[in-house]
Amino acid sequence: MSFDIPLADQMRIAVNYVKFKTKQTRLRSDEKVIAQTTFGKVKGVKWRSVYGHCEYFSFEGIPFAKPPVGELRFKAPVEPEPWSGIKRCTHVRSKPCQYNIIMKQCQGQEDCLYLNVYTKQLNPSRPMPVMVWIYGGGFQMGEASRDLYSPDYLMMENIVLVTIAYRLGPLGFLCLDDEKCEIPGNAGLKDQVLALRWVKNNCHFFGGDSTNITIFGESAGGASAHYLMLSEQTKDLFHKVVVMSGSAMAPWANIPRLDWAYRLAKATGYKGENTDKSVLAHLQRVKPRNMLKVCDNLLTMEERLQKRLNFSFGPCVEPYTTEQCVIAAEPLELLRNNWGNKIPLLIGGNSFEGLLMFPEARKYPELLNQLGDGECLPPLDANLSDEKRLEYGRMLKQVYFGDKQPSWETILQYSDLFSYKYFWHGIHRTLLARRQYATAPTYLYRFDFDSKHFNFMRIITCGRKVRGTCHADDLSYLFYNAGAKKLKCRTAEYTTIRRMTAILAKFAECGDPNIPLTETVVNWTTTTTTTSNGNDTRSGSDSGSGSPTSAGGLSSESDSSQHETPLANADDSATQCAHDDGGSTNVLQLQQQTNNFELEPSNFTHWPPIPLASNEPEAGSGHDDVEGSDATAPIFKCLNISDELEVIDLPEGEKLKLWDSMYEDKSLLY
């Protein structure tokens, strides 16, 4: 993936970053605090939230593993050595090695296995729920830093927040078949496991409840969180899971083993034979930046076009079992019989995830222009014959493109298609599996809040003329970051921040994410246990709905002049939010929509979990008794998070049935 950001936007980002850093120095105090850990004492510092509602203690750069350098490169992490004295943990450590696709440069250090702890009280009268954040970035980039994930918003809730780092790209996911090399892959996921063991053993030193830990992650972090609840390695390390815009069933979350290590070695100058021992000896000597610079070019155009591979290093089924094995079998098999089916799950996605495809389609126009008859579109793991792939491919093209030929003119239709292929269908398969095999509740949400100026990922990815709720736009409302401004509390954006943090904190507290659907948000706390009746009387804003399947479909900005006035922010005087009298505020009208859903006001005042199957088979049993169950499965209820909170039928439900139908062997679906 590559981002080509206009110069004006680059300048705006740079200016905002300087302002952010300046603001950060003002929020940090000189007050230091000492806490104990099982490895030694650590020194933290007190901070003030950007909104001034609270103060909190920050412990940043706590080591949870030895530096994974030298002989430990590519291998599973090892616990750190205990230290004497007091370790200074007042600044975030370096990010993991990665290629920054926005700045177009290699960044980070191999010595990266650190975590950060944020807490309002070290000795509360009652231990607080613990939330552990796992960042996304396609397993190729990401960081546990204040630049992206400052804790200010979540610190307005009564929780302990932990953000963890893990290795990325080849350093985190190189896999070798030779058992003597001791590199079966998934070192990055094993970093997460070791970090969770640290959290379990140490969170009580920071006011946290070791019997009430929730992991949550977005995109690759969401897929990671899902994998962790499927793995025996993590049993009893956490008690609830939030999976955002990803899952272990996403096609990009299970990378086929295609000799990536040898291909990487050759790309970095290796001339020897394809033996794991020799390849490893070479790669142990290569500088990280030399590996990172060639990783994107390891994929052939055929692999990008026909297999729709996005990257070469990521989670994979490990070729042999070790004591630290995380992924011992195909995710489909793990779905049916895992300890995570006994703990609550909150899962969902954004209404127009596929806007993320803009940069890739710009860089590789062949992806759009050479769809052919669409035979590359059906899921590979459906194991279809060539004839069936062609049949379903043509069907998908007709549904998403109608009579139009795929080109840049149909980029929104292409993006809509990949909202399902890369994100929503994996989420849906997870829901079907939870419905069939889980005994704990599963809640579904759909983030559909479309702000003109605060949905940062859409702005970076698509520019300022495109509207919709893109992949990762929800992160703007969970974490303060270098692109954010301080908002006035009456804005819809601030209300959404309080709603999102309240939902997650409530789920972390008790496993039920229900908050009042209609009450004033500023009064919400993590101790709320009831819902209230009534209608939300907030006026509409220029935010609106960000979905291609929302009421009214997609519209252009020229048709939405009533939305031109931006919402108030810290640098603007108070502005009156314009009332939205019609439809959503996306840029084009999608053609050939097979199903149009109206997001009508809901009578629900309670957000229900998805229903469990009436005759649930025993865990691990076959699928013969539920043959055709995808056709009869309900369209799940979800909490739609837009200008209002509404419980509705999942608008993507009908199209998801088409994707389900491509698994003619239903035992391959879930």
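This is a predicted model: local features need pLDDT of at least 70, side-chain atom pairs count only at pLDDT 80 or more; totals for chains, interfaces and linings use all residues.
The chain has 670 residues, and 62% of them are buried. Its secondary structure comprises 18 helices and 15 strands. Among contacts between residues at least 6 apart in sequence, 77% join residues at least 24 apart.

The axes of H14 (residues 411–437) and H18 (residues 653–661) come within 10 Å and cross at roughly 80°. Angles of 65 to 115 degrees count as roughly perpendicular, and H14 and H18 are therefore roughly perpendicular to each other. H14 contributes Asp416, Leu417, Tyr420, Lys421, Trp424, His425, His428 and Leu432 to the contact. H18 contributes Lys655, Leu656, Trp659 and Asp660. By class, six of the contact residues are nonpolar, two are polar and four are charged.

Aromatic pairs number 29 in the structure. Phe59 and Phe206 form an edge-to-face pair, with 5.0 Å between centres and 75° between planes. Phe59 lies in strand S3 and Phe206 in the loop between helix H4 and strand S10, so the pair ties together parts that are 147 residues apart in sequence. Both residues, Phe59 and Phe206, are buried. Phe139 and Phe173 also pair edge-to-face, at 5.3 Å centre to centre and 70° between the planes. Phe139 sits in the loop between strand S8 and helix H2, while Phe173 belongs to helix H3, 34 residues apart. Phe139 and Phe173 are buried too. Elsewhere, ring pairs link Phe20, Tyr51, Tyr153, Tyr480 and Tyr494 into a cluster.

Terms used
Residues are numbered from 1 along each chain as its sequence is written. Side-chain values use heavy atoms; hydrogens and water are left out. Axes are lines fitted to C-alpha atoms, for helices over the stretch in contact, and angles run from 0 to 180 degrees between N-to-C directions. Helices (H or I, at least four residues) and strands (E, at least two) are DSSP runs, numbered from the N terminus. Angles under 35 degrees count as roughly parallel, over 145 as roughly antiparallel, 65 to 115 as roughly perpendicular and the rest as oblique. Contact means heavy atoms within 4.5 Å. Ala, Val, Leu, Ile, Met, Phe, Trp, Tyr, Cys and Pro count as nonpolar, Asp, Glu, Lys and Arg as charged, and the others, Gly among them, as polar. Buried means under 20% relative accessible area, exposed over 50%, partly exposed in between (1.4 Å probe, protein chains only). Rings of Phe, Tyr and Trp (its six-membered ring) pair if their centres lie within 6.5 Å; planes under 30 degrees apart count as stacked, over 60 as edge-to-face and the rest as tilted.
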